[in-house]
Amino acid sequence: MKRAEQLEKTRQAILKTATKLFLQKGFGETSTRNIAKQIGITQPALYHHFNDKEVLYLEVMTRLSRKIRQEINKIIRKHSLKPEEQLLEIVHILKKYHPLSIYDQYNQAMVLLSKSAQQKLNMIFTMDYLEPIGDYFKQSEVNLRADLLPKEAAEIFLASLAPVFGTYQLIGGHSITTEQRDKLIVDCIVNGLAKRN
């Protein structure tokens, strides 16, 4: 194998392993030492590809969030789905890529990142999460309340999704499926906790 091919193979292995660890443990709990060890390379070899942990994290988040934005946009273009069904599909996309609460991981990373990395992560989060989910809330069928902007609704929605990623309580009990539980949680977020008449 040529050197360039080997370098690219190593780079892709770093990105794949880093993605898995960052999403499972968060930025703070993932070390470049662990990433390198899982791949079977040295830390200096990892730094040959990525200058530091922040650069690697931002590359991982850029690649991941681009996929998420594309998938959310496809859902919003599915006019055959009712708004509630679209929102549930968006939740499925988020859960497919994020084993932990997106909003919690974002906030934890923001505390640890440098100012320039914070700006980049904020840009990624805005462009690839808030804006496409905001586009969902712009649809007339959604009937967003007048005192909220679509992007604000998207942020509230993402921040409220933590129970979808797991809670101390088994919301809805043991007799419902994960799909039914997700639907119940999304309904509570969108329609509130009070009984409807």
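**Entry 1. Terms and model**

I am working on a predicted model, in which local features need pLDDT of at least 70 and side-chain atom pairs count only at pLDDT 80 or more, while totals for chains, interfaces and linings use all residues. Residues are numbered from 1 along each chain as its sequence is written, and side-chain values use heavy atoms, with hydrogens and water left out.

**Entry 2. The chain as a whole**

I looked up the secondary structure and found nine helices and zero strands in the protein chain, where helices (H or I, at least four residues) and strands (E, at least two) are DSSP runs numbered from the N terminus. Along the sequence the pattern reads α-α-α-α-α-α-α-α-α. Taken along the principal axes, the C-alpha atoms fill a box of roughly 65 × 35 × 35 Å. Of the 197 residues in the chain, 39% are buried, a class that means under 20% relative accessible area, with exposed over 50% and partly exposed in between (1.4 Å probe, protein chains only).

**Entry 3. The largest pocket**

Grid points are joined across faces, edges and corners, and a volume is the space filled by probe spheres set on the points.

The largest pocket holds about 600 Å³ of space. It is lined by 24 residues, and those nearest its centre are Leu 87, Tyr 136, Phe 137, Val 190 and Asn 191. Helix 5 (83–97), helix 7, helix 8 (150–160) and helix 9 (178–191) each give two or more residues to this lining. Which helix gives the most to it? I find that helix 9 does, with six residues. By class, the lining of the largest pocket divides into 14 nonpolar, three polar and seven charged residues.

**Entry 4. The second largest pocket**

About 180 Å³ of space lies in the second largest pocket. Its lining includes Gln 12, Lys 16, Arg 63, Lys 67, Lys 96 and Tyr 97. Helix 1, helix 4 and helix 5 each supply at least two of the lining residues, and helix 1 gives the most, with five. I count the classes as six nonpolar, two polar and four charged.

**Entry 5. The cavity**

How many cavities of 30 Å³ or more does the structure hold? I find one, and the space in this largest cavity comes to about 100 Å³. Two or more lining residues come from each of helix 1 (3–25), helix 4 (53–76), helix 6 (102–112) and helix 7 (115–138), with helix 7 giving the most, four residues. Phe 22, Tyr 57, His 98, Gln 105 and Phe 125 are among the residues that line the cavity. The lining divides into ten nonpolar, two polar and no charged residues.

**Entry 6. Annotated spans and helix 4**

I checked the UniProt record, an unreviewed entry, which gives "domain: HTH tetR-type" over residues 8–68; UniProt positions are in the numbering used here, feature names are shortened, and annotations may be inferred rather than shown by experiment. In the model, residues 8–68 are 80% helix and 0% strand, with end C-alpha atoms 24 Å apart. The unreviewed entry also places a "DNA-binding region" at residues 31–50, a span that is 75% helix and 0% strand, with end C-alpha atoms 13 Å apart.

For helix 4, the 24 residues at 1.5 Å a residue should span 34 Å, and the end C-alpha atoms are 34 Å apart, which agrees; the expected span is 1.5 Å times one less than the number of residues. Asp 52 caps the N-terminal end of helix 4, with a side-chain oxygen 3.1 Å from the backbone nitrogen of Glu 54.

**Entry 7. Two asparagines**

Asn 122 lies in helix 7 and is partly exposed, with a relative accessible area of 34%. Asn 143 is found in the loop between helix 7 and helix 8, and is exposed at 65% relative accessible area. I noted that Asn 143 has a positive phi of about 60° although it is not a glycine. Most residues other than glycine have a negative phi.

Terms used
1 Å grid on protein atoms, 1.4 Å probe; cavity = no way out; pocket = protein on both sides within 12 Å on 5 of 7 lines; lining within 4 Å. Nonpolar A, V, L, I, M, F, W, Y, C, P; charged D, E, K, R; others polar. Polar contact = N/O pair within 3.5 Å; in protein donor to acceptor, adjacent residues only side chain to side chain.
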